[in-house]
Amino acid sequence: MKAQIQKLLSYYQLSAADFAKVIGVNASGLSHILGGKRNYLSIDTILKIIDKYPAIDLEWLILGKGEMLKSRKATPELFPFEDEEIQKEVENESPENSIKPPEPPPVLPNQILGGLNDKRKVEKILVFYSDKSYDEFINSE
C-alpha cells in the first residue's frame, strides 16, 4: 500500500501531512505506511480517501491492481451485443419500423383529484419548489 500512497501524493502534488489533512486523518498513520512500519490502511482511512478522491480506483488503492484512476467508462453496457450482426441491425433500425406504445388517454385534473362522479371542479393547482418559487396552474374547463 506504500506504493499506492506515494503515487497518490505524487499525482496530486501533496505532502503526506497535506494529504492527511485533506482526507481528515492523523498524519502519523500515513507516515507509518510511508516509513514501512505498517503495510495497510484502516478501512476508515480508505473510505475517506475514496470520499475525497472519487476518481481513485478502489481495487488499485487496496490491492495495487489495475490503474490508479477509474476509467471514463466505469460501468459496463447494460446489454452488450455479443453478435456484431445484431448490433448493426439494431443501430440501423429506423424509427418508423419500431413498435410504439399506444398513447394513454388524456387525464383531466378533476379525474385525478375528484374522481369521475365528483361534481367539484379543480380550479387552481399551486406547485411550490425548494428555491421558494412556484407555478400556478389554472383550469380552463
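**Getting to know the chain**

Modeller: Let's begin with a tyrosine: at 25% relative accessibility, Y12 counts as partly exposed. Keep in mind that this is a predicted model.

Colleague: Got it. How many aromatic pairs are there in the whole structure?

Modeller: A search of the whole structure turns up four aromatic pairs. One of them joins Y12 and Y53, and that pair is tilted, with 4.4 Å centre to centre and 45° between the planes.

Colleague: And where do Y12 and Y53 lie?

Modeller: Y12 is in helix α1, while Y53 sits in the loop between α4 and α5, so their pair ties together parts that are 41 residues apart in sequence.

Colleague: Is Y53 buried or exposed?

Modeller: Y53 is buried, since its relative accessible area is 11%. Y53 also forms a stacked aromatic pair with F19, at 5.7 Å centre to centre and 25° between the planes.

Colleague: What does the pair of F19 and Y53 tie together?

Modeller: Parts that are 34 residues apart in sequence, because F19 lies in helix α2 and Y53 in the loop between α4 and α5. F19 itself is buried, with a relative accessible area of 0%.

Colleague: Which residues form the aromatic cluster?

Modeller: Y11, Y12, F19 and Y53 form one cluster.

Colleague: Let's zoom out. How many helices and strands are in the chain?

Modeller: The chain has seven helices and two strands. Starting at the N terminus, the order of elements is α-α-α-α-α-α-α-β-β.

Colleague: What share of the residues is buried?

Modeller: Buried residues account for 16% of the 141 residues in the chain. The accessible surface of the chain is about 11800 Å², and 54% of that belongs to carbon and sulfur atoms.

Colleague: Back inside, then. Which residues touch the most other members of the largest nonpolar core?

Modeller: That core has 18 residues, and the ones touching the most other members are I5, L8, F19, L41, I49, I56 and L61. Helices α1 (2-12), α2 (16-23), α3 (27-34), α4 (43-52) and α5 (58-63) each supply at least two residues of this core.

Colleague: What does I49 touch?

Modeller: Leaving aside residues up to four places away in sequence, I49 touches I5, L8, F19, I23, L41 and L61.

Colleague: How about T45, buried or exposed?

Modeller: T45 counts as buried, because its relative accessibility is 11%. T45 lies in helix α4 and touches I23 and V25, again not counting residues up to four places away in sequence.

Colleague: One more: what share of the contacts with a separation of 6 or more comes from residues 24 or more positions apart?

Modeller: Those residues account for 39% of such contacts in the chain.

Conventions: Residues numbered from 1 in each chain as written. Predicted model: local features only at pLDDT ≥ 70, side-chain atom pairs only at ≥ 80, totals over all residues. Heavy atoms only, no water. Core = buried A, V, L, I, M, F, W, Y, C linked by side-chain atoms within 4.5 Å. Buried < 20%, exposed > 50% of the residue type's maximum accessible area, 1.4 Å probe, protein only. Helix = DSSP H or I, 4+ residues; strand = E, 2+ residues; numbered from the N terminus. Contact = heavy atoms within 4.5 Å. Areas by Shrake-Rupley, 256 points an atom, 1.4 Å probe, with all protein chains shown as cover. Phe/Tyr/Trp six-rings, centres within 6.5 Å; stacked < 30°, edge-to-face > 60°.
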